[in-house]
Amino acid sequence: MRILLFAAALMLVTSGWANDNVLLIQLRPGGGFTVWHTEGESQLSDEEVMTLEAAAKPGGGDEIPTSFGPARAYENSDGVTIRLPAARNDKALLLDRDNCGHVRLWHAAGTTTLSEDQITDIFMSALPEGGKRLTVGGYHVKAFITPFGVTATLWSIPPGK
């Protein structure tokens with residue numbers, strides 16, 4: 001019986017985690033924000049990402065075929081940006097490496113949509129060790145200052161709370 005209760009509790013917790021999301025918010029020169037998502041439809045393989053990263057140049061590297069059509073990688077101050085003009089919605093990816101050197105992809109298009117005012121509130125709340133938890137729309141949010149911008153962890157507010 002305890003095993004069944006544990007399994008049920010684990011399923012509830014993991015289904016709640018499935019709704020979590022992390023955003024990378026970058027301040028654009030001249031104002032406004034670029035928002036990158038951890039989830040997106042353009043899921044390139046590790047091999048494709050590494051090939052594009054190696055080919056990246058400031059003006060754009062060679063066009064390389066991928067599972068989402070031709071792609072070109074650009075080396076810039078933020079690292080490497082991959083452009084996927086043939087993709088339906090998620091036409092750009094930003095490469096990031098964690099402290100261990102693992103590649104993380106940020107997607108230009110994701111499922112979380114927030115207003116400019118909500119993005120501003122999240123951005124302004126960020127601290128290096130994590131800012132105060134905010135409530136934004138149907139989410140709780142905690143924002144952190146990182147070398148690439150502000151990362152914001154969002155988790156859904158349970159119904160009735």
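**Salt bridges and accessibility**

Colleague: Why does Arg 104 count as partly exposed?

Modeller: Its relative accessibility is 35%. Buried means under 20% relative accessible area, exposed over 50%, and partly exposed in between (1.4 Å probe, protein chains only); Arg 104 therefore counts as partly exposed. This is a predicted model, in which local features need pLDDT of at least 70 and side-chain atom pairs count only at pLDDT 80 or more, while totals for chains, interfaces and linings use all residues. Residues are numbered from 1 along each chain as its sequence is written, and side-chain values use heavy atoms, with hydrogens and water left out.

Colleague: What makes Arg 104 and Asp 96 a salt bridge?

Modeller: The term requires a side-chain nitrogen of Lys or Arg within 4 Å of a carboxyl oxygen of Asp or Glu. The closest N and O atoms of Arg 104 and Asp 96 are 3.1 Å apart, so the pair qualifies.

Colleague: Is Asp 96 buried or exposed, and how do you know?

Modeller: With a relative accessible area of 11%, Asp 96 falls under the limit for the term and is therefore buried.

Colleague: Which parts does the pair Arg 88 and Glu 41 tie together?

Modeller: The side chains of Arg 88 and Glu 41 meet in a salt bridge at 3.4 Å, N to O. Arg 88 lies in the loop between strands S5 (79–83) and S6 (92–97), and Glu 41 in the loop between strand S2 (33–37) and helix H2 (46–55), so the pair ties together parts 47 residues apart in sequence. Helices (H or I, at least four residues) and strands (E, at least two) are DSSP runs, numbered from the N terminus.

Colleague: What makes Arg 88 exposed?

Modeller: Its relative accessible area of 67% is over the limit for that term, so Arg 88 is exposed.
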